[in-house]
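The following paragraphs lead the reader through selected parts of one protein structure. Please keep the model in view while reading.

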Amino acid sequence: MSILLQRKKSYLGALIAFVIALSGFQTPAFAVAPTHGAFSPISATWGVGAISIAPPTSNSLGAWSYTSSNVNTAQILGNIATIKNVGTTTITAIQAANGIYDAKSISTTLTVLPAIPTLGNFASITLGVDAAPITLTAPTSTSAGTWSFTTSNSAIASISGSILTPRAIGTVTLTAIQSANFNWAATSRATTVTITGGSPTTGPFADLNLILGSVANVALVPPTSNSLGAWTFTSSNTAVATITGNILRPLKIGTSTITATQAASGNYGSLSKTMTLTVQGGPPTLGEFKNVTASLQPFASNQLALIAPISNSAGAWSFTTSNSQIVSVNGGIATLLNKGTVTITATQAASGDFGASSPVTMELTVTGANPVIGSWENVTKNISEGRFIISPPSSSSGGKWSFKSLDPTIAEVDGTEVLLKGVGQAVIKGTQAADWNWEAGESQLTLTISGTDPTLGQWVLLEAGIGDEPIAIKPPTSNSPGVWSFASSDNSVARIENEKLVPVAVGRVTITAIQAISGNFGASKPVTTTLTVKPRATHAAMTDINLRYNSTPIDLTPPTSNSKGEWSFSIENPEIAKIEGRKLSVLGVGTTKIFASQSSDENFAPTITTLSIRVTQSSPELSWQTFVIKAGSKTESFRKPVTNSDGAFIFKSSNPNIADFVNGELVGKKSGTAIITAAQQSSKNFSSGVVATSIVVKPSVSVKLKGRVLTVSVVGASAKVTINGSKAKVGKNKVGPGTRKVVVTSGGERIFNKTFKVP
């Protein structure tokens, strides 16, 4: 038995070592530092958000973690560094111990550089030399840094703060400089400033419209100007108008370009401005240009004569279309090409004393013909058919048909193939696309899909008692998941409420059940069973049971009852107790319910009652033998107490100087007697317990012969030694050849007696 225990302990030690090896942990005495590759400095620009940190190479598989010395610059989560602000931080990569490798760390620097701001447009500037100073507007920027400005030549344009003042004619480079700010770097953007010479500043020279005959002449007014130069005027078409000095005389319907030229004066050069003179006849009076709707007709020319508005002018009419792909226009004939709406614009040319009319418009709408669609018969299919091809109704149009199910849970349509998905009805909608001169059309039919009849099992007879709570009705077995509905043939005996059975009076009724459509199953045929309503039996209450874990089995006694029905018992939790017939056997500690059920008889309905069983812990049965051990080493004769509990033991010696537990092993230290107490901890089914025994420790003696030296060792007591009756000592004793009898005594008791043959 002691050898077996030693082997078990050896196996346990090996197993623990194997598990430790698998888990990656090694005894620190054997751990070595891993070899790390270079951990190069890292650079990032503020605004990137976050970067991923790549660890250095390592011959260890230990997991890496990271820290940042300056979380205001960068924060670390996992291997992701979130960039916070410009600056420098030390990133420390820490590799966890793994296998034979110890934990080790390595550091590098992360430098966050300022971001370059994003600048908006810096537009070029053109100013007259005599213009007033202007306030410069810097480009838009993502940075809030302050702006300053410089010019490449302050003799042409000078800068004071943000004020630019024109000084002389020329072109300079204007540079806007933004200072560094927060996490943004300094930046700049340049543009050009052009200072122009002394062109006079003039007001508008507006176009002029005249009605022929309404005025004899018109005095031209030159544009306003800051120059004193004289103005002259010319007409580009003297057949339409002539100019004398500043007097314009209209002569004929038409247009002419009138040019006003200001001569140079003082610091200002010459300048010319133009305007358009339009001489018109009086506009004609037009009637309404009415909108028109026309239909395309098959195999016809589809031409329509456009009717111009009534007018008091004899001018010729012209027509244009806004979309020649729908309607083309040739003279006064419109050709209808495609469905749609276009704008027809009519313009009457000038004639006699009338000028050209203003354009007038109307909308011409081209429609197609409505197709004539025949009747579309409803369709009935069984779910088992799976699919079928649908045919469209007849139609006078050749437009392509498309189909859609308005309830895809019942049927789906793929092209012209209808997939049967479930039992029920679905509307199939057919849509015919518009085709040349035909409008789109549609029709629909009703698809009815019948299901597979469910297979029903036998429906057992039902029983209920007066006063019962509503009872959930267990329907017959069925391969369909459809919902059941129930009906009673006599509501005075039993009625159905929320699909539950409510007993009302003693008697018999027929219960009818129908299973609804579900999935690929149709509604079931009605099935019936008989429900018998009886009085509920009256029985006495049962007393709860309290037992210890190791209690012997007991017999269950049913309560007294006015029914003759048979009693049976069942347990709620079979891990605490089991019931065989009426025999109750304890299996574990805990509390559960026992159900006592009485079957029906000819007078009473079945009944059920419950009671509780509570199983508590038992006290362990402990016994322990006494031991005699030798001092100086762990004993192999030690045995734990005998117990029927699996609770763990804690041992304690009354005199650790005589005997004590070292690393869980009992060790005799010196001769004497000690009391060893074993405290067993509670387990699932047993409470704690205590047992004690006495341990007698005797001295341990060893005598070894080597050459002609007898070495005597005594552990645990003082002793006297004799060799062949002569006084010797504990330790090394030189002896002569021959037979030597060694006797060791302690406290007057001989504890060793052996003869050695010395060569």
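Strands (E, at least two residues) are DSSP runs, numbered from the N terminus, and two of them pair if DSSP finds at least two bridges between them. The model is predicted, so local features need pLDDT of at least 70 and side-chain atom pairs count only at pLDDT 80 or more, while totals for chains, interfaces and linings use all residues. Residues are numbered from 1 along each chain as its sequence is written, and side-chain values use heavy atoms, with hydrogens and water left out.

An open sheet is formed by 4 strands in the order E43-E49-E48-E45, with mixed pairing. Strand E43 (545-548) and strand E45 (567-571) stand at the edges; each has a single partner strand, so one side of each is left without a neighbour in the sheet. E43 runs parallel to strand E49 (residues 607-616), and 4 bridges join the two. Within this pair, Asn-546 stands opposite Arg-614 in E49.

A parallel pairing also occurs between E1 and strand E7 (residues 104-113), over 4 bridges. Here Ser-43 stands opposite Thr-111 in E7. In a regular strand the side chains alternate between the two faces of the sheet. Strand E1 (residues 42-45) has a covered face, Ile-42 and Ala-44, and an uncovered face, Ser-43 and Thr-45.

Ser-702 belongs to strand E58 (residues 700-706). With a relative accessible area of 33%, Ser-702 is partly exposed, a term for values between buried (under 20%) and exposed (over 50%), found with a 1.4 Å probe on protein chains only. Neighbours within four places in sequence aside, Ser-702 is in contact with Thr-711, Val-712 and Ser-713, where contact means heavy atoms within 4.5 Å.
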